[in-house]
Amino acid sequence: MARLLLFALLTVTLAAGARYDPTWESLDQRPLPAWYDEAKFGIFLHWGVFSVPSFTGAWLQDYWNRSDVVKFRKDNYRPDFTYADFAPQFTAEFYNPDDWAEIFNASGARYVVLTAKHHEGFCNWPTKHSFNWNAVDVGPHRDLVGDLANSIRRTTNIRFGLYHSLFEFVNPYFLEDQKNGFTTQDFVKYKTMPELYELVNMYKPEVIWSDGDWVANSTYWNSTEFLAWLYNESPVKDTVVTNDRWGKDATCHHGGYLTCEDRFNPGVLQKRKFEDSTTIHKSYWGFIRNTKLSDFHTIEELITELVRVVSCGGNILLNAGPTPDGMISPIYEERLRQIGQWLNVNGDSIYETRPWTHQNDTATPGVWYTSKKSATGISVYAIALNWPRGGKLELADPQAGPATTVTLLGYPGQFDFQAGATSGITITVPAIPADQMPCQWAWVFRLDNLNNQ
């Protein structure tokens, strides 16, 4: 119960009139807006000029002179071809943000985070701070950010967020600041911070997912000044959430929630809210042409990741890489729709839940727990990643009481069970015809009126 109270405190509604100073000590006192912890599942989108070559992922510009990239360039492009020459081929001619919004809504995601700008510096909106290196001046000739924001808000209840890279691989302002040991801040003054203020005021994102911070401390980036404005004055001050990537001194220590590193899934309960940003493709964030089916996670693997992360108090931000012509590839669409099918049956065990006293069962491997307030107290959800064998599911951690009931989400009626002498229960699972199974992957047993709620 103490752990449940801790997480409740982390997600309380923001106190009216609270103001924050531009220091980590003050900023870290801001409560996380409740919607974020309740959401649990979001979609990440890595989309930019790097989607055109779709080779080695979003870092191709940084890998430009690496041997495999040199060979790729030599085999496929003219000798004087530059990275900037990819931009006119970033056409997005099939980009229909209403279609994207429908897929995301069907997935069960509660928030979406689109790359506004990755490390290559290309801006997916008509910024005033990146002449001829943005999606309106070159390539798609349209506001990719604004079009998706409008579709998401018009056709769904999904929260809209934006990813923004603080640094850029080859920006001369940044390179000069770096050469000066970050004692100068021309890049921050003329590029990074103007972009962030512009994005917030233009699109009112409810997630600011910062990245590209690791080369310098937050003092160089002026991160705390921006966050104080964001929390005190911005048009999204009451609902916006931020991550921790605001300087190499901040990552995994400061900010709204922790990401620590890519694919962060600690497997144990955390003291602070965290997010596992991970990918459907096993290796890459952006669209990759030279890939095969085995390079993608199966739906079983993705649901396992979702369940483990939520059981330990985290959110999962699952990445898909759109094509340069603006499509969500069928393999990404299928995985997202499959997650939505599972959540349609089992979402009660995910959305708005809290970690239970135990995160995973100590008797049966592959069983993870979540919990939620109910009319009779606390409902505990035992999420079995594998269907119980022999018609029995042994759980070591729940303690049954005289009013305890066991049900299977998506299936009618109550299940019989046998309580252990001091703790634990063994659930009798009846034979269920294949056409009456509630779902195809990961089955959720709801336990009500336990003694150890």
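Reader: Where does Ser-54 lie, and why is Ser-54 counted as buried?

Author: In this predicted model, Ser-54 lies in the loop between E1 and H4. Its relative accessibility is 1%, and buried means under 20% relative accessible area, so Ser-54 counts as buried.

Reader: What makes the phi of Ser-54 worth a remark?

Author: The phi of Ser-54 is positive, at about 45 degrees, although this residue is not a glycine. Most residues other than glycine have a negative phi.

Reader: Where is Asn-449 found, and what is its phi?

Author: Asn-449 has its place in the segment after strand E14 (443-448), and its phi, near 60 degrees, is again a positive value in a residue other than glycine.

Reader: Why is Asn-449 called partly exposed?

Author: The relative accessible area of Asn-449 is 21%, while buried means under 20% and exposed over 50%, with partly exposed in between, so Asn-449 is partly exposed.

Reader: Why are Lys-117 and Glu-195 said to form a salt bridge?

Author: The closest N and O atoms of Lys-117 and Glu-195 are 2.8 Å apart, and a salt bridge asks for a side-chain nitrogen of Lys or Arg within 4 Å of a carboxyl oxygen of Asp or Glu, so the pair qualifies. The pair links distant parts of the chain, with Lys-117 in strand E2 (residues 111-117) and Glu-195 in helix H8 (residues 186-203), 78 residues apart. Lys-117 is buried, and so is Glu-195.

Reader: What parts of the chain does the pair of Arg-245 and Asp-211 link, and why does each residue count as buried?

Author: The side chains of Arg-245 and Asp-211 meet in a salt bridge at 3.2 Å, N to O. Arg-245 is in the loop between strand E5 (241-242) and strand E6 (275-279), whereas Asp-211 is in strand E4 (residues 207-211), so that the pair links distant parts of the chain, 34 residues apart. The relative accessibility of Arg-245 is 6% and the relative accessible area of Asp-211 is 8%; buried means under 20%, and therefore both residues are buried.

Reader: How many salt bridges does the structure hold, and which residues are linked in a network?

Author: The structure holds 25 salt bridges, and a network of salt bridges links Asp-37, Lys-40, Lys-273 and Arg-354.

Reader: Why is the chain called as compact as a globular protein of that length?

Author: The secondary structure of the chain comes to twelve helices and 14 strands. The radius of gyration of the chain is 24 Å, close to the 22 Å that the globule rule gives for 453 residues, and the chain is therefore as compact as a globular protein of that length. Of the 453 residues, 58% count as buried.

Definitions and conventions:
Residues numbered from 1 in each chain as written. Predicted model: local features only at pLDDT ≥ 70, side-chain atom pairs only at ≥ 80, totals over all residues. Heavy atoms only, no water. Helix = DSSP H or I, 4+ residues; strand = E, 2+ residues; numbered from the N terminus. Rg over C-alpha atoms; globule rule 2.2 N^0.38 Å. Buried < 20%, exposed > 50% of the residue type's maximum accessible area, 1.4 Å probe, protein only.
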